[in-house]
Amino acid sequence: MLKVLLKKQLLESFSFLFFDHKKGKAKSKGEKIGFGFLMVFVCLIMALAIGIYAGLMVSTFKGLKINWFYYCIMSLVSIILGVFGSVFSTYASLYLPKDNELMLSLPIPKKDLILSRLTGVYVMGFIYMALAYIPSMIIGQIGFGFTVSSFICQIVLMMTLSFLVLALSTLLGWIVALISVRLKNKSLIVVFLSLGFIGIYYYFYFKLVSGFQNLLVKVMSLAVSFKDKGYILYVLGKAADGNYVYTGILLLLSILCTIVVYALVTIGFDRLLMMNKGQKRKEYNVKSIKQSSISKTLLKKEWLRFYSSPTYMLNSGIGSVFTVLLIGVCILQKDTILELLVFLPDASMLLIVSMTIIGFVATSNMISAPSVSLEGKNVWIVQTCPVKEIDILKAKFNLHFLFTIIPLLILDGVLAWLLSFSILETLFIFVYSLLIVTFSDLDGLYLGLKFPNMEWTNETAVVKQGMAPFVALFGNWIVVVVIAGLYFLLRKSISAYVYAGIISILLLICILCLRAWIFKKGAEIFRHL
């Protein structure tokens with residue numbers, strides 16, 4: 001039974017290589033080969049990047065005779081990459097997989113089920129860890145000189161660290177699962193966590209270069225600090241440098257940690273799976289129901305669909321997040337922004353630059369583009385309701401418009417205050433905001449009706465890989481760039497006010513054409529989806 005479970009778990013872990021979960025069908029032979037080459041290429045690029053940084057450290061550490069410090073740092077990097085690369089797969093495959101009810105209902109020993117799932121976690125963590133560990137150890141052997149003792153210890157240490165990654169991933173995955181089952185608004189929490197992760201990623205990315213330079217400058221003081229205050233880290237570095245005793249101690253500790261974690265998982269497995277703190281039993285209370293108009297009811301339906309999907313919110317509403325961040329930057333970094341404005345070739349460009357910024361953040365929202373396809377196979381429900389197709393499409397339009405325009409108008413006011421715009425300039429950016437949001441909204445709806453995908457099995461295929469969102473996003477960005485680029489070329493022969501007026505008229509004409517098509521031919525297309 002254990003052998004069958006192990007095979008099932010490994011096939012499930014690597015199913016992305018053979019099966020397209022977004023389309024709900026197996027990949028063709030060409031797709032498998034192409035995807036395989038892509039994965040190998042990505043792994044090689046990642047290993048190359050780590051190797052470059054490792055080479056810089058080796059050249060610095062070699063003359064200082066602190067080989068152990070290099071191995072310590074690269075081992076820690078490998079552990080971190082392995083843990084964070086596998087922690088979410090731990091949550092999804094070990095604690096809360098979708099086949100829990102089915103597997104628990106079968107006569108399968110619990111220990112075999114847990115062991116097979118832990119094996120899947122171990123394999124994923126090992127792969128992520130090896131991407132950093134193997135190239136860094138190779139660079140170390142080349143730079144510091146090959147020794148048999150260090151080579152043997154590094155092989156053993158690779159297995160040791162893989163067990164440590166398994167233990168840490170299992171514990172962190174348990175924490176993630178425990179938090180998940182207690183959450184009420186999981187969709188909103190997922191969005192905030194994703195945005196927080198993106199923010200942390202870019203923060204550390206921009207700090208990476210300066211941090212790496214500080215490491216090279218203060219290497220001796222850091223090495224002494226590691227040895228005095230974190231002796232276990234010194235042991236880790238010396239083990240990789242060829243100390244058999246330290247290598248054996250770390251191997252025993254990692255095995256012990258793995259056994260303890262396995263025991264804890266076995267003890268608390270049933271309790272965690274049966275927990276469902278996030279959903280409380282609701283009692284029905286008799287109360288009067290307030291009647292709403294058709295437009296409000298349909299808008300509420302669209303909002304609940306948007307609000308219930310983290311993928312939809314995060315990918316289609318990211319423009320509003322950028323808008324809020326931009327408002328904060330304009331207020332908190334006012335002086336810095338004003339200093340940068342002196343680099344503009346012409347002061348009259350301030351209006352067009354503001355319009356360009358507004359255009360980019362406004363068109364980054366793509367709520368309307370996938371909204372038609374997201375009806376999916378349940379589209380018949382709204383089609384059979386006693387409502388007009390025009391009202392359904394208006395609701396999709398209204399959600400995109402309201403979600404985008406409210407923070408954008410606040411940004412307009414902040415830009416007008418920051419740049420000391422006149423009343424006419426302020427009026428231009430407010431009008432432009434209304435027009436560009438309406439244009440991108442209708443454009444997305446038009447593309448959604450022209451390129452519907454109602455056969456999806458995973459909404460990611462529609463939101464992130466659909467033709468309509470892709471064309472809408474990049475097409476609208478091209479429009480914004482063309483608007484800015486044309487003024488840059490014609491700025492000596494036309495004033496900013498006249499140019500903004502012409503652009504506003506052209507956008508209005510496009511809006512009227514799109515609106516006429518959507519509410520006539522588009523409604524007919526929706527009726528027959």
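Me: Which residues is leucine 408 in contact with, leaving aside its neighbours within four places in sequence?

Reply: Contact means heavy atoms within 4.5 Å, and by that rule leucine 408 touches Thr323, Ile358, Val361, Ala362, Ser433 and Val437, once neighbours within four places in sequence are left aside. This is a predicted model, in which local features need pLDDT of at least 70 and side-chain atom pairs count only at pLDDT 80 or more, while totals for chains, interfaces and linings use all residues. Residues are numbered from 1 along each chain as its sequence is written, and side-chain values use heavy atoms, with hydrogens and water left out.

Me: Which residues touch the most other members of the largest nonpolar core?

Reply: In soluble globular proteins, nonpolar side chains tend to be buried together. A nonpolar core is a set of buried Ala, Val, Leu, Ile, Met, Phe, Trp, Tyr and Cys residues joined through side-chain atoms within 4.5 Å, where buried means under 20% relative accessible area, exposed over 50%, and partly exposed in between (1.4 Å probe, protein chains only). Here the largest core has 53 residues, and Leu393, Leu408, Tyr432, Ile518 and Phe526 touch the most other members. Apart from it lies another core of 32 residues, among them Tyr70 and Leu157.

Me: How many disulfides are there?

Reply: A disulfide is a covalent bond between the sulfur atoms of two cysteines, counted when the pair lies within 2.5 Å. The count here is zero. Cysteine 510 is in no disulfide, and the sulfur of cysteine 513 is too far from that of cysteine 510 for a bond, because 6.6 Å separates them. Cysteine 510 is partly exposed, with a relative accessible area of 35%.
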